[in-house]
Amino acid sequence: MDKLNIVITGHVDHGKSTFIGRLLYETKSIPEAKLEEIISTCKGLGRELEFAYLLDAFKEEVEGQLTIDTTQVVFRTPRREYVVIDTPGHKEFLKNMVTGASYAEAAILIISAKDGIEEQTKRHAYILQFFGIKQIIIVINKMDNVGYSKDVFDALCRKADSLLSRFGIVPMQMIPISAKIGDNIAQKSKNMPWYEGPAVLAVLDNCKKNEFEHDFRMPIQDIYNIDGMKAAVGRVYSGSVNVAENVTVFPAGLNAGISSIRVFEGQRKYALTGENIALILNKALDLKRGDVICAKCAPVVKNTFSAIVLCLEGRLAGDLGYTFQIATQVVSCRITKFEERINIETLENGSCDFLEEAQLGRVKLAADSDLVFETFDKLQELGRFVLRRKESVVGVGIII
Ligand code: GDP
């Protein structure tokens, strides 16, 4: 089943937990018994069902099953599965994004109709544009609190539009909702007949995945000698390949056919994503660790690129040299331009000409020789990297 990673952000108290709880409820992602337990607890306390409790209950449920990452809240529509990246704070969220641990493909920004746009709303919008997240849905929550007023909604949409356009963001949709009542979440609400657009789940189902063609990519880890023949050993990062298929070895761009595929158990006619294999080619090419064997479309082969980098230690500056590692490729590189920075502790942003610990920057890098890569949104494993200086890891990043 198709899976989409989404992030849901909003100023504290604008209704994020209630909204996520409501999404879990509407998509029947909370076990029936748990739901009944919560309803009876709320009744016992003489309170209405609080949808924010559903989120906590879901987390408890998931924490019981140790195999699942506790930071992931999952719900399903008939169309696909959604993974809500629910990190404890901005710092974790930004770290996860830049290491690729959980990269959001779409975002929902919640604004309370009662309170309007606040400082945190602006910061969240800034972060979304920083990472280049293009699919952004704005939900104006607590519409029940403002009498479902079209005028309030229209005025907030105008304000949100002018804020977002400063960041070059064009929202996919602005939706008036009530997370508490359930208006315009799974179905169109009768309380707001003036709203002609779709409900939240319909817009989410329309979001696109970052589709990559899944062409074959295998970075060479090592060269072995198998039965007197040179074999390139590595893990298949994407796609599949068959015996007799033509491949190209990058960065040199040398062509050959596949004469044999070996896996741990023996010979094979094909190899799939995620498998560790040995490839024997029908030509004696000069193969080495770091080369990437590809089929179909060519990867990007360049020595300059744009990236988002998180400084982990000391200071990242333009006058220092770094060792850059992406997949099995290791080269020397320099940061040639600093474009923007965010401090992940304080969320302050601005221009810069170096990065210090806990700062995130959009930069340009130049390597000493050509690298084989894909942008991170296309193929994560060939789009994320580590920067070292004198053996210590001083930064991590993604190619954009
Ligand atoms: P968070 O801090 O953004 O996670 O916000 P919560 O989900 O905890 O909600 C903050 C408060 O707003 C709680 O008292 C909720 O019951 C209330 N709230 C959330 N959504 C709505 C809504 O759609 N309508 C109304 N009237 N109250 C809401």
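The shell around the ligand is made up of eight polar, six charged and two nonpolar residues. The structure is a predicted model. In total, 16 residues surround the ligand. Asp13, Lys16, Ser17, Thr18 and Asp144 are the closest of these. By secondary structure, the most is given to the shell by helix H1, which spans residues 16-26 and supplies three residues.

| Ligand atom | Side chain (N or O atom) | Distance |
|---|---|---|
| oxygen | Thr18 | 2.5 Å |
| nitrogen | Asn145 | 3.1 Å |
| oxygen | Glu50 | 3.4 Å |

The ligand taken alone exposes 580 Å², and the protein buries 79% of that area.

Leu163 has a relative accessible area of 5%, so the residue counts as buried, the cut-off being under 20%. Leaving aside residues up to four places away in sequence, Leu163 touches Ile117, Lys122 and Ala125. Asn184 is 21 residues from Leu163 along the chain, and the C-alpha atoms of Leu163 and Asn184 are separated by 24 Å.

Conventions. Residues are numbered from 1 along each chain as its sequence is written. This is a predicted model: local features need pLDDT of at least 70, side-chain atom pairs count only at pLDDT 80 or more; totals for chains, interfaces and linings use all residues. Side-chain values use heavy atoms; hydrogens and water are left out. A residue is near a molecule or strand if one of its heavy atoms lies within 4 Å of it. A polar contact is a pair of N or O atoms within 3.5 Å; within protein, one must be able to donate a hydrogen and the other to accept it, and residues adjacent in sequence count only if both atoms are side-chain atoms. Accessible areas come from the Shrake-Rupley method with a 1.4 Å probe; for residues, only the protein chains shown count as cover. Helices (H or I, at least four residues) and strands (E, at least two) are DSSP runs, numbered from the N terminus. Ala, Val, Leu, Ile, Met, Phe, Trp, Tyr, Cys and Pro count as nonpolar, Asp, Glu, Lys and Arg as charged, and the others, Gly among them, as polar. Buried means under 20% relative accessible area, exposed over 50%, partly exposed in between (1.4 Å probe, protein chains only). Contact means heavy atoms within 4.5 Å.
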